[in-house]
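Let's walk through this structure together, one step at a time. Have the sequence and the 3D view open as you read.

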There are 2 protein chains.
Amino acid sequence: MEFNLELTIALLARTPAALNAFLRDLPDAWTLANEGEHTWSAFDIVGHLIHGERTDWIPRAKIILQFDEARAFTPFDRLAQQRGSHTKSLPQLLDEFAALREENLHELNALNLQPSDLERRGQHPSLGTVTLSQLLSAWTVHDLTHLHQISRVFAHQYRDAVGPWSAYLGVLRCAGHSS
Amino acid sequence: MEFNLELTIALLARTPAALNAFLRDLPDAWTLANEGEHTWSAFDIVGHLIHGERTDWIPRAKIILQFDEARAFTPFDRLAQQRGSHTKSLPQLLDEFAALREENLHELNALNLQPSDLERRGQHPSLGTVTLSQLLSAWTVHDLTHLHQISRVFAHQYRDAVGPWSAYLGVLRCAGHSS
């Protein structure tokens, strides 16, 4: 499928509600569980998504529109949530993510992007030249990567409990971990 | 994590609302898209989950409680949704899934399962001897397998659109497909 701004926004707009319906008031035994040392829980992942809303996607879109390739993006701190969210509850993080996403989609809309804007180029600090449409696509697939990860982290908790059914349950064989 | 009935129900109860928040009114370009020939769309997956509610999890739990290993489970038809759901809309399927899941959790509750019941054994037509707690764990991880799949199917649509970001987006490297 080719990049489509309307379809991108339709998906980005639904992630906070989907996470809210899935995670709010779910027992801590699920939401604080991870896949082992140095891996993330659902709680960590929501913190990471919040940090992306604050520092990654829309700020980078604005750098492209203002500076093109003359100014590289600020590197994204993938571990920032370990500093910022440990004093908050998961419901607070879900509310914060929803509010930031709504603001960011409002800002995106206000940019009134034209087809020619979507081809404008920026400099990613490690990936090199990227376009605005690639950035917005990556924002979407980043949400999907973390929904995918939450499903896998939860499934991991019942890896032994399912017994012989593990042969049929694809999520238990997922190797799609982000680097 | 060991099997825990309360935690299992907490997760099973949230799946319909999570799917509803994510999928209802999302454009068909997302919900009807699949990963290629003989693969499933989100629409197909919700149909498959409905069929599981009708024929798989609770009916099998009742077979264990009534017959133990004397009667094998009826094999689960993984492709039934291709016959049953093609005349319905996605919102109809989401409503149907939510209603069936609610009924099934009501039935599960009415079984008033004791710790000793959870160890009771049944005969799976291909996996052999399984316990009731394994069946209920597999019900939960089956939900997670399909949430994981929906994220992956959507991400696949933007596989090219993300350009060089594909290196960072784990969902695009997922090989956790169910057999």
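**Salt bridges, a helix and an interface**

Over all chains, the count of salt bridges comes to 20. Please keep in mind that this is a predicted model. Side chains of opposite charge can pair when their charged atoms come close. With that in mind, let's visit a few of these pairs.

Start in chain A, where Arg101(A) and Glu53(A) form a salt bridge whose closest N and O atoms are 2.7 Å apart. Is Arg101(A) buried or exposed? Arg101(A) has a relative accessible area of 2%, so this residue is buried.

Now turn to chain B and look for Arg101(B) and Glu53(B). Their side chains meet in a salt bridge, with 2.7 Å from N to O. Here the link runs between helix 6 of chain B, which holds Arg101(B), and helix 3 of chain B, which holds Glu53(B), and the two are 48 residues apart. Both Arg101(B) and Glu53(B) are buried.

Stay with chain B for another pair. Which residue forms a salt bridge with Glu96(B)? The partner is Arg54(B), and the closest N and O atoms of this pair are 2.4 Å apart. Distant parts of the chain are linked once again, with Glu96(B) in helix 6 of chain B and Arg54(B) in helix 3 of chain B, 42 residues apart. The accessibility of the two partners is worth a look. Glu96(B) is buried because its relative accessible area is 18%, under the 20% cut-off. Arg54(B), at 46% relative accessibility, counts as partly exposed. Salt bridges can also share partners: in chain A, Glu53(A), Arg101(A) and Asp143(A) are joined in this way into one network.

Leaving aside residues up to four places away in sequence, Glu96(B) touches Ile50(B), Arg54(B) and Lys88(B).

Let's look next at helix 3 of chain B as a whole. This helix covers residues 42-55, 14 residues in total. From its first C-alpha to its last, helix 3 of chain B reaches 20 Å, close to the 20 Å expected at 1.5 Å a residue. How many of its 14 residues are buried? The number is 11, and helix 3 of chain B is thus mostly covered. Among the buried residues are Phe43(B), Ile45(B), Val46(B), Leu49(B) and Ile50(B), as well as Glu53(B).

Two loop residues of chain B deserve a stop for their backbone angles. Asp25(B) sits in the loop between helix 1 (5-23) and helix 2 (28-31) of chain B. Although Asp25(B) is not a glycine, its phi is positive, at about 70 degrees. With a relative accessible area of 60%, Asp25(B) is exposed. Further along, the loop between helix 2 and helix 3 of chain B holds His38(B). Its phi is near 65 degrees, again a positive value in a residue other than glycine. His38(B) is exposed as well, with a relative accessible area of 75%.

Finally, bring both chains into view. The size of an interface is often given as the accessible area lost when the parts come together. Chain A and chain B bury about 5,300 Å² between them, and 70% of this lies on carbon and sulfur atoms. Met1(A), Tyr158(A) and Trp165(A) supply 15% of the area that chain A buries against chain B, more than any other three residues. The contact draws on 63 residues from chain A and 63 residues from chain B.

What kinds of polar pairing cross this interface? The rule finds zero salt bridges between chain A and chain B, while 19 residue pairs are in polar contact, both residues being at pLDDT 80 or more. On the side of chain A that touches chain B, the elements giving two or more residues are helix 1 (5-23), helix 2 (28-31), strand 2 (128-131) and helix 8 (132-157) of chain A. Helix 8 of chain A gives the most, with 17 residues. By type, the residues on this side of chain A divide into 35 nonpolar, 21 polar and seven charged.

Technical notes. Residues numbered from 1 in each chain as written. Chains lettered and ligands numbered in written order. Heavy atoms only, no water. Contact = heavy atoms within 4.5 Å. Buried area = accessible area lost by both parts, 1.4 Å probe. Salt bridge = Lys/Arg side-chain N within 4 Å of Asp/Glu carboxyl O. Polar contact = N/O pair within 3.5 Å; in protein donor to acceptor, adjacent residues only side chain to side chain. Helix = DSSP H or I, 4+ residues; strand = E, 2+ residues; numbered from the N terminus. Nonpolar A, V, L, I, M, F, W, Y, C, P; charged D, E, K, R; others polar. Expected span 1.5 Å × (residues − 1). Buried < 20%, exposed > 50% of the residue type's maximum accessible area, 1.4 Å probe, protein only.
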